[in-house]
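Here's a quick briefing on the model you have open. Have a look at the sequence and the structure first, then read on.

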Amino acid sequence: MGKKRNAVAAPAPQGAWPTRDSLDKFIKVVSGVIPLLDSIRESLEETTGSIPKASQQLDNVTRATESATVEILDLLERMSGRVRSLGDAMAALRASAEAEAARLEVLDGLIASLASTRPDICERWNEHRAAGCGRCLPADVEEQFGAISADAMSIGMALQVQDITTQQIAGVSHMIESVRMNLAEVLQSLVDGEKVPLTAPAAPAPDGHFNAEAEYSRSPDRQSTTDEIVERWKRGHNG
Amino acid sequence: MANTKFLVVDDSLTMRRIVINTLKSIGFENVIEAADGKDAVAKLLSEGADFLITDWNMPEMSGLDLTKWVRANGQFAEIPILMITTRGNKEDVIEAMKMRVNNYIVKPFTAPGLKEKIDQILKTVGTGAA
């Protein structure tokens, strides 16, 4: 005769099993997240679709600035050529004026010798000279032309900014492309349902066409520093 | 020296124009150009040059790789090379010097600065010093 044991279930520890209420709440939350994920997916799709357009626009900016810069350089070259021609013409004119001044001095002497016999001619000649028959050229014309040429050269040199900004823009495009690639991966994972940890995007390897750290600085310090490095290298490797 | 034939290498058309204009303004009229290292190699082999001015960052073949090729090529191994680049870090300068560029200019360069470097190099090459 065995005693029938009453099977008594051990009481569940408090909180081990979800209640019906908490289950309902959980289902509501999950139901709310699903449309949110859909919304995120749509947003990501739209963003990854816009990025190539942004990159293309940056590329267009680079092409447009290069085209405009080359046009400016063409104009500067033509301007410099014209200034050179004017300078040459001015130099010829000055030489001619000096030759004329020398001839006039000779005439001055000859006419002065007629002072006693033909004072009327002397008087007429002196009046003519006083009226300024010799050509007078401004003393600093050549200097002005030189200054114009130098300014044109300076403008040309300043246009190096176009190359430097092109490299900076290429750096930005590179970053945009890496963001696009990573967003595309995240998007794919949302579609496939796999978890992808959202870490900082790993940029694709740079292709070496640009220096994203290029800077436009007119300070002579950068070149001075470079010169010191070069000199130190040469001293150290030339025995 | 005025007849020195320069090969200017840069993927930026703007920069090539500026360097060439500057060379002409300081008396060097004999200049040819290339858009990258690979184009430069082709120009060297077909037209030759006495002096190379090159950028660093270029497609196809960088200025550094071009320098390496030139220094390894018997025919052109000793031609002067001047690097003109936006790269101004100490490590970059040293890397270029290790490849045996003769001198190094950081963009944006100045006309007097370019003339000074070219004159120094031509003088050094003329005396046979390193």
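This is a predicted model: local features need pLDDT of at least 70, side-chain atom pairs count only at pLDDT 80 or more; totals for chains, interfaces and linings use all residues.

Chain A has 5 helices and 0 strands, while the contact between the chains takes in 29 residues of chain B and 29 residues of chain A. The largest nonpolar core has 42 residues.

**Chain A on its own**

- Running from the N terminus, the elements of chain A read α-α-α-α-α.
- Chain A has 239 residues, and 10% of them count as buried.
- Take the contacts in chain A between residues at least 6 apart in sequence: 84% of these join residues at least 24 apart.
- H128(A) sits in helix α2 (residues 119–130) of chain A. There are 13 C-beta neighbours inside 10 Å of H128(A), so this residue counts as partly exposed.

**Where chain B touches chain A**

- On the chain B side, 29 residues are in contact with 29 residues of chain A. Four elements of chain B each put in at least two residues: α1 (13–25), α4 (90–98), β5 (103–106) and α5 (111–127).
- Which element supplies the largest share of that side? α1(B) does, with 7 residues.
- By residue type, the side of chain B that touches chain A splits into 14 nonpolar, 11 polar and 4 charged.

**A helix pair across the chains**

- Helix α5 (residues 221–237) of chain A meets α4(B), with the two axes coming within 10 Å and crossing at roughly 40°.
- The crossing of α5(A) with α4(B) is right-handed.
- From α5(A), the residues making the contact are T226(A), I229(A), V230(A) and W233(A); from α4(B), they are K90(B), V93(B), I94(B) and M97(B).
- That contact of α5(A) with α4(B) is made up of 6 nonpolar residues, 1 polar and 1 charged.

**A helix pair inside chain B**

- Within chain B, helix α2 (residues 37–47) packs with helix α3 (residues 63–72) at an angle of about 30°, and the axes are 9 Å apart. That angle is under 35 degrees, which means α2(B) is roughly parallel to α3(B).
- α2(B) and α3(B) also make a right-handed crossing.
- G37(B), A40(B) and V41(B) are the contact residues on α2(B), and G63(B), D65(B), L66(B) and W69(B) are those on α3(B).
- Sorted by type, the contact of α2(B) with α3(B) has 4 nonpolar residues, 2 polar and 1 charged.

**The nonpolar core**

- In the 42-residue core, L7(B) and I53(B) have the most contacts inside it. α1(B) gives the most to this core, with 5 residues.
- Which residues does I53(B) touch, leaving aside its neighbours within four places in sequence? The list is F6(B), V8(B), V9(B), V19(B), L82(B) and I84(B).
- As background, nonpolar side chains tend to be buried together in soluble globular proteins.

- As a reminder, most residues other than glycine have a negative phi, and most peptide bonds are trans.
- The bond joining K107(B) and P108(B) is a cis peptide bond, with omega about 0°. P108(B) belongs to the loop between β5 and α5 of chain B.
- E60(B) isn't a glycine, yet has a positive phi of about 65°. You'll find E60(B) in the loop between β3 (51–54) and α3 of chain B. With 16 other C-beta atoms within 10 Å, E60(B) is partly exposed.
- R100(B) is another non-glycine residue with a positive phi, here near 75°. R100(B) lies in the loop between α4 and β5 of chain B, and is partly exposed, with 15 other C-beta atoms within 10 Å.
- E29(B) and F6(B) are 23 residues apart in sequence, and their C-alpha atoms are 8.7 Å apart in space.

Definitions and conventions
Residues are numbered from 1 along each chain as its sequence is written. Chains are lettered from A and ligands numbered from 1 in the order in which they are written. Two residues are in contact if their C-beta atoms, placed from the backbone, lie within 7 Å. Ala, Val, Leu, Ile, Met, Phe, Trp, Tyr, Cys and Pro count as nonpolar, Asp, Glu, Lys and Arg as charged, and the others, Gly among them, as polar. Axes are lines fitted to C-alpha atoms, for helices over the stretch in contact, and angles run from 0 to 180 degrees between N-to-C directions. Angles under 35 degrees count as roughly parallel, over 145 as roughly antiparallel, 65 to 115 as roughly perpendicular and the rest as oblique. A crossing is left-handed if the near helix is turned anticlockwise from the far one by less than a right angle, and right-handed if clockwise. A nonpolar core is a set of buried Ala, Val, Leu, Ile, Met, Phe, Trp, Tyr and Cys residues joined through C-beta atoms within 7 Å. A residue is buried if 20 or more other C-beta atoms lie within 10 Å of its own, exposed if 12 or fewer, and partly exposed in between; C-beta atoms are placed from the backbone.
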